[in-house]
Amino acid sequence: MQIRRLKLSGFKSFVEPAELRIEPGLTGVVGPNGCGKSNLLEAIRWVMGESSAKSMRGAGMEDVIFAGTATRPSRGFAEVMLTADTDPDGPFGGELEVVRRIERGAGSAYRVNGRDVRAKDVSLVFADAATGAHSPALVSQGRIAAVIAAKPAERRMMLEEAAGIAGLHVRRRDAEQK
Ligand code: ATP
Ligand code: MG
């Protein structure tokens, strides 16, 4: 899976709709302090189904919605769209488009290629492609130090994410409950 495009609207400091193209290879995000580099990485993790508000540096998930400034009113929703190239013979037939939207008081809604889906479905899409909100493919601030300091069990989880087998744990838990 190759992420090609990211569209943000009302997400954290990205109040006006913004669109970024992501080229093949390694992508680095640079810029002055506070310009939104970490917010961008968080947007990618968020659209992939991140469920921890704390890891989005907020108290609640609605904190990802643009909170307003002295000159700009706050927004009622945040939306992130991620477009990726996938296996043409796979379940998404080449192009995958994932949208997550959160509205104040209404929680998050997800769409995959235009169809409403559950958060879990989105997480599985990325887990099976060996990427996702906790994937080693996304190196956010402090991540290198976290890898070095990780306990063996945590490091094993990172390896499982990288190998694309993390989704199997979710399916096993599901099967055990049925
Ligand atoms: P550094 O180089 O210091 O790590 P950075 O480029 O990673 O900086 P971010 O942490 O991504 O910067 O962005 C911080 C900015 O985003 C701050 O100005 C903060 O006020 C703003 N911000 C975060 N959440 C929101 C929100 N919900 N609404 C409006 N602005 C927000
Ligand atoms: Mg940062």
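**Exercise 1. Ala 129 and its surroundings**

Find which residues Ala 129 touches, leaving out those up to four places away in sequence, and decide whether Ala 129 is buried or exposed.

*Solution.* Before starting, note that this is a predicted model, in which local features need pLDDT of at least 70, side-chain atom pairs count only at pLDDT 80 or more, and totals for chains, interfaces and linings use all residues. Residues are numbered from 1 along each chain as its sequence is written, while chains are lettered from A and ligands numbered from 1 in the order in which they are written.

Step 1: locate the residue. Ala 129 sits in the loop between α2 and α3 (143–149); helices (H or I, at least four residues) and strands (E, at least two) are DSSP runs, numbered from the N terminus.

Step 2: list the contacts. Ala 129 touches Met 1 and Gly 164, where contact means that two C-beta atoms, placed from the backbone, lie within 7 Å.

Step 3: count the neighbours. Ala 129 is buried because 20 C-beta neighbours lie inside 10 Å. The scale is: buried for 20 or more other C-beta atoms within 10 Å of the residue's own, exposed for 12 or fewer, and partly exposed in between, with C-beta atoms placed from the backbone.

Step 4: Asp 87 is 42 residues away from Ala 129 along the chain, and their C-alpha atoms are 9.7 Å apart.

**Exercise 2. Helix α2 and its partner**

Work out how the axes of α2 (residues 119–128) and α5 (residues 166–177) cross, and which residues meet there.

*Solution.* Step 1: take the geometry. The two axes come within 7 Å and cross at roughly 140°. Because of that angle, α2 is oblique to α5. Axes here are lines fitted to C-alpha atoms, for helices over the stretch in contact, with angles from 0 to 180 degrees between N-to-C directions. Angles under 35 degrees count as roughly parallel, over 145 as roughly antiparallel, 65 to 115 as roughly perpendicular, and the rest as oblique.

Step 1: name the meeting residues. On the α2 side they are Leu 124, Ala 127 and Asp 128, and on the α5 side Ala 166, Gly 167 and Val 170.

Step 2: sort them by class. The contact of α2 with α5 has four nonpolar, one polar and one charged residues. Ala, Val, Leu, Ile, Met, Phe, Trp, Tyr, Cys and Pro count as nonpolar, Asp, Glu, Lys and Arg as charged, and the others, Gly among them, as polar.

Step 3: look at the buried residues. In α2 these are Val 122, Ser 123, Val 125, Phe 126 and Ala 127. Their cover includes β4, β5 (107–112), β6 (115–117) and α5.

**Exercise 3. Residues with positive phi**

Say where Lys 12 and Asn 113 lie, and whether each is buried or partly exposed.

*Solution.* Step 1: Lys 12 lies in the loop between β1 and β2. Although not a glycine, Lys 12 has a positive phi of about 50°. Lys 12 counts as buried because it has 23 C-beta neighbours inside 10 Å.

Step 1: Asn 113 is in the loop between β5 and β6. Asn 113 is not a glycine either, yet has a positive phi of about 45°. With 13 other C-beta atoms within 10 Å, Asn 113 is partly exposed.
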